[in-house]
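Subject: Structure handover

Hello,

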Amino acid sequence: MSETPAAASAPQLEVPPDKRPRHIAVIMDGNGRWAQRRDLPRIEGHRRGVASVRRTVEECARLKIEQLTLYCLSSENWKRPQPELDFLMHLLEQYMIEERTVLMREQVRVSTIGRREGIPAAVQAEMDKTIELSSANDGLRLCLAINYGSRGEIVDAVRKLARRARDGQVDPDAIDEEDVASELYTAGMPDPDLLIRTAGELRISNFLLWQISYAEIWVTAKFWPEFAEPDLHQAIRDFAARDRRFGGLNE
Ligand code: IPE
Ligand code: IPE
Ligand code: MG
């Protein structure tokens, strides 16, 4: 698989396709700090963060990465001031509308994970429109984690399994890892191979706890609005150089 000719002038990534991660997940952090360092309101950081989302999506599509999952809003982020949340909702709605053309051109297939509660109906409608419109695309799978919390996801999965057990559809003693995985929001997706976090924090913040069991973690001090193609390339290069053992022994 080679990179698309449209971007022939773009920097080459010397990592062969079979050494690249299939699924990259990103904790996009540091928008507020980026803005504060410049004496700008935090929302300016979020606005600039959208440009990083655009760059990252397009570069992953160009590199033929199978899936990109972006942590856009955590279930804990509702603790933030209402004006910041309103602005994030506005950005999300705008992204869903404005990116449609590019997402279609790049054959990106959009999905979301997280609970829909709390997302304004108008934003949900635009999300659904983009998801529906892009559903037959066969390029990069872009999964947006919105009002997502991993513990909440696991609770939802446990509830579904418990209901099935109560109704006699599943034997509790026969429940295995695959059964649990298939009740998560991420059912059917490959687990992330590479987890990127910007802004230097060495924590997971309730993101994909089950799914990242064996993900390689890559942290940069750069704030999300500063994250660009060279950083993505470096993360992929470092990933390719890691020795993934999955608990076993490599020669
Ligand atoms: C990440 O940036 C975006 C969201 C969590 C929505 P932050 O807003 O967390 O930025 P910092 O961490 O305060 O700098
Ligand atoms: C994680 O960032 C959530 C998103 C990037 C959407 P936070 O800024 O919310 O994480 P903490 O609070 O620093 O752990
Ligand atoms: Mg943060």
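A polar side-chain atom of Asp 29 is 2.8 Å from an oxygen atom of ligand 1, which is a polar contact (a pair of N or O atoms within 3.5 Å; within protein, one must be able to donate a hydrogen and the other to accept it, and residues adjacent in sequence count only if both atoms are side-chain atoms). The model is predicted, and local features need pLDDT of at least 70, side-chain atom pairs count only at pLDDT 80 or more, while totals for chains, interfaces and linings use all residues. Residues are numbered from 1 along each chain as its sequence is written, chains are lettered from A and ligands numbered from 1 in the order in which they are written, and side-chain values use heavy atoms, with hydrogens and water left out.

Ligand 1

Arg 42 also places a polar side-chain atom 2.8 Å from an oxygen atom of ligand 1. With Gly 30, the atom concerned is a backbone N or O, 3.3 Å from an oxygen atom of ligand 1. On its own, ligand 1 exposes 380 Å², of which the protein buries 87% (accessible areas come from the Shrake-Rupley method with a 1.4 Å probe; for residues, only the protein chains shown count as cover).

The shell around ligand 1 (residues with a heavy atom within 4 Å of it) includes Met 28, Asn 31, Arg 33, His 46 and Leu 88. Helix 1 and helix 2 each give two or more residues to this shell, and helix 1 gives the most, with three. Helices (H or I, at least four residues) and strands (E, at least two) are DSSP runs, numbered from the N terminus. By class, the shell has three nonpolar, five polar and four charged residues. Here Ala, Val, Leu, Ile, Met, Phe, Trp, Tyr, Cys and Pro count as nonpolar, Asp, Glu, Lys and Arg as charged, and the others, Gly among them, as polar.

Ligand 2

For ligand 2, the side chain of Ser 205 has an N or O atom 2.6 Å from a ligand oxygen atom. The corresponding distance for the side chain of Asn 77 is 2.9 Å, and for a polar side-chain atom of Arg 197 it is 3.4 Å. The protein covers 79% of the 390 Å² of accessible area that ligand 2 has on its own.

Among the residues around ligand 2 are Ile 27, Tyr 71, Leu 73, Arg 80 and Arg 203. Strand 2 gives the most to this shell, with four residues. The shell divides into five nonpolar, three polar and four charged residues.

The largest pocket

Where do the ligands sit? Ligand 1 takes the space of the largest pocket, and ligand 2 sits in the largest pocket. A molecule sits in a cavity or pocket if more than half of its atoms lie within 2 Å of its grid points. On a 1 Å grid over the protein atoms alone, a cavity is a set of points where a 1.4 Å probe fits but cannot get out, and a pocket is an open set with protein on both sides within 12 Å along at least five of seven lines; lining residues have an atom within 4 Å of a point.

The volume of the largest pocket is about 730 Å³ (grid points are joined across faces, edges and corners, and a volume is the space filled by probe spheres set on the points). Its lining has 32 residues, and those closest to the centre are Met 28, Tyr 71, Cys 72, Leu 73 and Asn 77. Helix 1 (31-37), helix 2 (42-62), strand 2 (67-74), helix 3 (82-98) and strand 4 (141-148) give two or more residues to the lining. By class, the lining has 16 nonpolar, eight polar and eight charged residues.

Cavities

The whole structure has two cavities of 30 Å³ or more. The largest cavity holds about 40 Å³ of space, and its lining includes Thr 112, Arg 116, Met 127 and Ile 146. The second largest cavity holds about 30 Å³. Its lining has five nonpolar, five polar and no charged residues, among them His 23, Cys 143 and Leu 208.

Regards
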